[in-house]
Amino acid sequence: QVQLVESGGGLVQAGGSLTLSCAASGTLSTYHLGWFRQVPGLEREFVAAINSGGGAIVYADSVKGRFTVSRDNAKNTVWLRLNSLTPEDTAVYYCAAHPSPFSWKVPPTGSEEYDSWGQGTQVTVSS
């Protein structure tokens, strides 16, 4: 399993932006990467995912048009750019990896399909 470490979270005012990073201990080129978020007491929620080849990206409706996921396999890093943040985006954000040798496939959106997770990074949006 690949080990993942998120960074970039913090406190931001509504309307602001943040960029989250997810760095891997090994090569990410054979993994689809997903971003999820969780508020205490609620289930983990899918945010975005990018396939191992970088050619297929999926967003949750709640973040579409505001968040952008990208990756650089040479750097073993995935980013999530968060724009136009609202207090409803406050959560712990996690990146997760799904092993796949099929770089053209659409990445999964279910958390149960990801088997490597980072420790999470807190994003807090003040009103």
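**Figure 1. Asn-76 and its contacts in the predicted model.** In this predicted model, Asn-76 touches Cys-22, Ala-23, Ala-24, Gly-26, Thr-27 and Leu-28, leaving aside residues up to four places away in sequence. To find Asn-76, look in the loop between β7 (67–72) and β8 (77–82). A polar atom of the Asn-76 side chain lies 3.1 Å from the backbone nitrogen of Leu-28, and Leu-28 is also one of the residues that Asn-76 touches. The backbone of Asn-76 deserves a look as well: its phi is positive, about 50°, although Asn-76 is not a glycine. As background, most residues other than glycine have a negative phi.

**Figure 2. Ser-84, another residue with a positive phi.** Ser-84 is not a glycine, yet its phi is positive, at about 50°. Its place is in the loop between β8 and β9 (91–99).

**Figure 3. The open sheet of four strands.** Follow the strands across this view and you will meet them in the order β1-β3-β8-β7, with antiparallel pairing. The edges of the sheet are β1 (4–7) and β7, each of which pairs on one side only. From one strand to the next, the twist averages 15°. Inside the sheet, β3 (residues 18–24) and β8 pair in the antiparallel sense over six bridges. Leu-18 gives you a handy landmark here, as it stands opposite Leu-82 in β8.

Figure 4. Leu-18 counts as buried because its relative accessibility is 14%, under the 20% cut-off. Which residues does Leu-18 contact, apart from its neighbours within four places in sequence? They are Gly-8, Gly-9, Gly-10, Val-12, Leu-80, Arg-81, Leu-82, Leu-85 and Val-123. For a sense of scale, the C-alpha atoms of Leu-18 and Glu-6 are separated by 13 Å, and these two residues are twelve places apart along the chain.

Figure 5. How many salt bridges does the structure hold? There are four. Side chains of opposite charge can pair when their charged atoms come close. Asp-89 takes part in a salt bridge with Arg-37, at 2.9 Å from N to O. This pair links distant parts of the chain, with Asp-89 in the loop between β8 and β9 and Arg-37 in strand β4 (residues 31–38), 52 residues apart. Asp-89 also meets Arg-66 in a salt bridge, with an N to O distance of 2.8 Å. Arg-66 lies in the loop between β6 (57–59) and β7, so its pairing with Asp-89 ties together parts that are 23 residues apart in sequence. Are these side chains buried or exposed? Asp-89 is buried, at 1% relative accessible area; Arg-37 is buried, at 6%; and Arg-66 is buried, at 17%.

**Figure 6. The salt bridge of Lys-64 and Asp-61.** Here the side chains of Lys-64 and Asp-61 meet in a salt bridge, 3.2 Å from N to O. Lys-64 is exposed, and Asp-61 is exposed as well.

**Figure 7. The largest nonpolar core and Tyr-93.** The largest nonpolar core has 33 residues. Which of them have the most contacts inside the core? They are Leu-4, Leu-33, Trp-35, Leu-80 and Tyr-93. At least two residues of this core come from each of β3, β4, β5 (45–50), β7, β8, β9 and β11 (121–126). Zoom in on Tyr-93 and you can pick out its contacts beyond four places in sequence, among them Leu-20, Phe-36, Val-47, Phe-67, Leu-80, Leu-82 and Val-123. The Tyr-93 contacts also include Glu-6, Gly-120 and Thr-121, as well as Arg-37, the partner of Asp-89 in a salt bridge.

Terms used:
Residues are numbered from 1 along each chain as its sequence is written. This is a predicted model: local features need pLDDT of at least 70, side-chain atom pairs count only at pLDDT 80 or more; totals for chains, interfaces and linings use all residues. Side-chain values use heavy atoms; hydrogens and water are left out. A polar contact is a pair of N or O atoms within 3.5 Å; within protein, one must be able to donate a hydrogen and the other to accept it, and residues adjacent in sequence count only if both atoms are side-chain atoms. Contact means heavy atoms within 4.5 Å. Two strands pair if DSSP finds at least two bridges between them. Axes are lines fitted to C-alpha atoms, for helices over the stretch in contact, and angles run from 0 to 180 degrees between N-to-C directions. Buried means under 20% relative accessible area, exposed over 50%, partly exposed in between (1.4 Å probe, protein chains only). A nonpolar core is a set of buried Ala, Val, Leu, Ile, Met, Phe, Trp, Tyr and Cys residues joined through side-chain atoms within 4.5 Å.
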